[in-house]
Amino acid sequence: MRKILLIGKLNSVVKETSQFLSRYFHVQLCSENAGVLEGMMKIVNPDLVLISLIGAYDIDTSIFYMLSSQYNKTPVLTIGTKEESSTFFKYYEDGQFENLIRPVENTAIMQAVCRRLALDENEVKKDAQEEKKEQTGKKRILVVDDNGTALRTMKAMLEEYYEVALAISGAQAMTSIGKKRPDLILLDYEMPVCDGRMTLEMIRADEEMKDIPVVFLTAINDRANIEAVIKLKPAGYFLKPPVKDKLLAEIEKILQK
């Protein structure tokens, strides 16, 4: 499946668009923060970027400059009213950016995505059905880490056995969980701003998420740190970098409980 990075505030419109497109593409949600976007572009390497312009006055305009200067080969679709998109008119001139006038049906968004990626819509739907059949029975693992290299390593380690989703922060993790519930979460303990402890507290505070098993990954191997991790009573914990065979065995053990 082709990859789409969907940027925008997590409102009902963005959720609906994400759910619809996820039937046919790998969709990763992203906030409108330029720093977060830069990290997600490197990790996800999307085939297309889709930006919701709802609340355009609040959007970090530097994300448009970043996309046009550093990722000018990646097509960008924006969805907004004429007024919302007017702030960014100068970026639409060279053809990388295209705006769909809101309100717009999801079917029209699908058609625009396929057109920008030079794909046959019927073939995309057929391929999605085949991939869904292949993935039946695979458990979903969410890996949360602010280090892009660590995320790529973990994905390569797990993707043969599980459906793998990635998040570069606690906030991104909560968005991903809300979009599609994972069967297990591998969570970096030492993330900045919203660390592993805070992220775990948010997960446990949500009635629909609180029972998802969380395994901590920590790079600090000292008694005080390990005791702090264990005190939170996660489903398990591993020192970084984890040994593949031991990690897979522990994940399987936890999922069978």
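Colleague: Which residues in α2 meet which ones in α3?
Modeller: On the α2 side they are Ala34, Leu37, Glu38 and Met41, and they meet Ser62, Ile63, Met66, Leu67 and Gln70 in α3. Contact here means heavy atoms within 4.5 Å.

Colleague: How do those contact residues divide into nonpolar, polar and charged?
Modeller: For α2 with α3 there are six nonpolar, two polar and one charged. Ala, Val, Leu, Ile, Met, Phe, Trp, Tyr, Cys and Pro count as nonpolar, Asp, Glu, Lys and Arg as charged, and the others, Gly among them, as polar.

Colleague: Is this a model or what, and how are residues numbered?
Modeller: The model is predicted, with local features needing pLDDT of at least 70 and side-chain atom pairs counting only at pLDDT 80 or more, while totals for chains, interfaces and linings use all residues. Residues are numbered from 1 along each chain as its sequence is written, and side-chain values use heavy atoms, leaving out hydrogens and water.

Colleague: Back to the helices: at what angle do α2 and α3 cross?
Modeller: Roughly 30°, and their axes come within 9 Å. That makes α2 roughly parallel to α3 (angles under 35 degrees count as roughly parallel, 65 to 115 as roughly perpendicular).

Colleague: And how do α7 and α11 pack?
Modeller: Helix α7 (residues 148-158) and helix α11 (residues 244-255) pack at about 70°, with axes 11 Å apart, so α7 and α11 are roughly perpendicular to each other.

Colleague: Which residues meet there?
Modeller: Met154, Met157 and Leu158 from α7 meet Lys244, Leu247, Leu248 and Ile251 from α11. The residues of that contact are six nonpolar, no polar and one charged.

Colleague: What else does Leu158 touch?
Modeller: Leaving aside residues up to four places away in sequence, Leu158 touches Ile141, Val143, Val164, Leu186, Leu247, Leu248 and Ile251. Leu158 and Leu186 have the most contacts inside the largest nonpolar core, which has 43 residues. A nonpolar core is a set of buried Ala, Val, Leu, Ile, Met, Phe, Trp, Tyr and Cys residues joined through side-chain atoms within 4.5 Å.

Colleague: Which helix gives that core its largest share?
Modeller: Helix α2 (residues 34-44), with six residues. Another core, of 22 residues, lies apart from it, and Val14, Tyr24, Phe25 and Cys114 are among its residues.

Colleague: New topic: is Val193 buried or exposed?
Modeller: Exposed, at 83% relative accessibility (buried is under 20% relative accessible area, exposed over 50%, partly exposed in between, with a 1.4 Å probe and protein chains only).

Colleague: Where does Val193 lie?
Modeller: In the loop between β8 (184-188) and α9 (196-205).

How values were computed
Axes fitted to C-alpha atoms, helices over the stretch in contact; angles between N-to-C directions. Helix = DSSP H or I, 4+ residues; strand = E, 2+ residues; numbered from the N terminus. Parallel < 35°, antiparallel > 145°, perpendicular 65-115°, else oblique.
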